[in-house]
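Trainee: I have a model open and would like to go through it with you. Can we take it piece by piece?

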Amino acid sequence: MTQTLHNTASKKPDGLPARTRWAILAVILAADVLDLLDATITNVAAPTITADLGGGPALVQWLGAAYALALGVLLVPGGRLGDKYGRRKLFLIGLAGFVAASLACGLAPTPATLVAARLIQGAFGALVIPQGFGILGATWPRDQIGKAFALFGPAMGLSAVGGPVLAGFLVDADLAGLGWRPMFLINLLLGGAALLAATRLLPRDTGDRSVSVDVPGSALLAGAMLGVLGGLIDGSANAWTTRPLTLLLLGVAAFAAFCHRQRTAAHPLIEPSLLRNRGFAAGLTLGVAAFAATSGLLYVISLFLQQDLGRTPADTALGLIPLTLGIVIASIACHGLIHTYGRRLAVTGLLILLAGCVWLLLQIHNTGPHTTSWHLLAPLVILGIGMGTCFGTIYDLTIGDIAPSEAGSASGSLNAVQQLANATGAATVTTVYFHSNGTTSLLVVAAAVATCLPLTALLPATPQKEQHH
């Protein structure tokens, strides 16, 4: 998260009843869960949405990429806006905007309006998420806050799984003949309840108007990502004419300007001292490749199950459960091993992930359209174990030797980069899928995972004994 723990509440944490603190935690968890559900909810539903609205492969790619792009670009500025104007205010504005954008998604009449609504959803989500840890730090005593943080891992893991599963069953249920739309409209109920509870429970804080927000840097990063993703998706969906190539060049130019801005701005989005830290820089690069590869992998598996094997959205969601179980099992098992095995655990996770990719590739190559759930069971479990072993481990090691004063910026940067990698990976790997086949896409994913292995040698050997949020 992008926040350090400042106590800006009107009451001291010790002055709040335990019941109130747990209720505040429930509201923050509910908002974060809602956000993560919507980050993954289109993985399974994309083919159904495109069949209804049109838009073809380009819409499939934009559905996930638009949300992750807006979220990734605005996470760090969203956190600083909360510091500046008050976390309660930004949380409420973000959640209200998220609910309104969900309504716009559910009512979208065209592909363009749906993509625009997904961008707005991600933007408001980026206002909500960074406020959570800061609010908890202002309402929970330091000696008890570990209990609150301990619930985030399981909740986020279940949410990442729950998005596709919920989408699959809601699409197949075809509530009131609305098809895929209820998977967005349900946010009116869930988000509305969370908003009412937040209005009543969250403590008031005034913020600090001296906090600076790098608006030009955020704008350059947004332009860079829109240019690169727009060019990639436009070129793959139509043809590599002057328009997509121009978008790519503009995106690269904007990214170069963003990098220059980070070196010269008084308050950059990413602290320059972090990039001079070899372990952090290596972990950031490794995270980009790993998160991009797995994001694309999940999309390709979903598309293969529906478009190649003819599965329904609900069947596809059920088919992903073995992968989910692997993630949960590995995440729990590795939690107590990171301080003992350090970066060896990251290497192990990447090797398992690579083995799962190769196994799945060979299985699909051999059985093709006759592939059954039993054929996919073992490789999907292995893939899940590899993912679950990698992700938390890479994150902990990347911030393993940073200064405590840099922890908030480092955590926010990692979260933002993860979302941007998700957007880029989904667009890139699905581009390969639409222009070739599932096995070629898996080869690309396997190659990306393989490139991560040398970078692990640059990570800190073990994480810090205590992490600062």
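Trainee: What covers the buried residues of H11?
Mentor: Bear in mind that this is a predicted model. The cover over the buried residues of H11 includes helix H10 (215–237) and helix H12 (272–275).

Trainee: And which residues in H11 are buried?
Mentor: Pro244, Gly251, Ala254, Phe258 and Gln262. An α-helix has 3.6 residues a turn, so residues three or four places apart point the same way.

Trainee: How many residues does H11 have, and how far does it reach?
Mentor: H11 runs over residues 242–264, which gives 23 residues. From its first C-alpha to its last it reaches 33 Å, close to the 33 Å expected at 1.5 Å a residue.

Trainee: Which residue forms a salt bridge with Arg261?
Mentor: Asp214, with the closest N and O atoms 2.8 Å apart. Asp214 sits in the loop between H9 and H10 while Arg261 is in helix H11, so this pair ties together parts that are 47 residues apart in sequence.

Trainee: Is Asp214 buried or exposed?
Mentor: Buried, because its relative accessible area is 2%, and the cut-off for buried is under 20%. Arg261 is partly exposed at 28%.

Trainee: How many salt bridges are there in the whole structure?
Mentor: A search finds 4. One of them joins Arg181 and Asp52, where the closest N and O atoms are 3.9 Å apart. Arg181 lies in the loop between helix H8 (152–173) and helix H9 (182–201), and Asp52 lies in helix H2 (residues 42–53), so the pair ties together parts that are 129 residues apart in sequence.

Trainee: Which way does burial go for Arg181, buried or exposed?
Mentor: Arg181 is buried, with a relative accessible area of 16%. Asp52 counts as partly exposed at 46%.

Trainee: What about Arg87, what does it form a salt bridge with?
Mentor: With Asp83, at 3.1 Å between the closest N and O atoms. Arg87 has 3% relative accessibility and counts as buried. Asp83, at 21%, counts as partly exposed.

Trainee: Changing topic to rings. How many aromatic pairs are there?
Mentor: The count comes to 4. In one of these, the rings of Trp22 and Trp140 have centres 4.9 Å apart and planes at 85°, so the pair is edge-to-face. Trp22 is in helix H1 (residues 18–40) and Trp140 is in the loop between helix H6 (131–139) and helix H7 (145–149), so the pair ties together parts that are 118 residues apart in sequence.

Trainee: Is Trp140 buried or exposed?
Mentor: Trp140 counts as buried at 2% relative accessibility, whereas Trp22 is partly exposed at 41%.

Trainee: What lies over the face of Trp140?
Mentor: Arg21 does, at 5.6 Å from the ring centre.

Trainee: One last region. Where does Thr430 lie?
Mentor: In helix H19 (residues 407–435). Thr430 counts as buried, at 1% relative accessibility.

Trainee: And what does Thr430 touch?
Mentor: Leaving out residues up to four places away in sequence, its contacts as listed are Gln61, Tyr299, Leu303 and Gly425.

Trainee: How far is the backbone oxygen of Ala426 from a polar atom of the Thr430 side chain?
Mentor: The two lie 2.3 Å apart.

Conventions:
Residues numbered from 1 in each chain as written. Predicted model: local features only at pLDDT ≥ 70, side-chain atom pairs only at ≥ 80, totals over all residues. Heavy atoms only, no water. Helix = DSSP H or I, 4+ residues; strand = E, 2+ residues; numbered from the N terminus. Expected span 1.5 Å × (residues − 1). Buried < 20%, exposed > 50% of the residue type's maximum accessible area, 1.4 Å probe, protein only. Contact = heavy atoms within 4.5 Å. Phe/Tyr/Trp six-rings, centres within 6.5 Å; stacked < 30°, edge-to-face > 60°. Lys NZ or Arg CZ within 6 Å of the ring centre and 35° of its normal. Polar contact = N/O pair within 3.5 Å; in protein donor to acceptor, adjacent residues only side chain to side chain. Salt bridge = Lys/Arg side-chain N within 4 Å of Asp/Glu carboxyl O.
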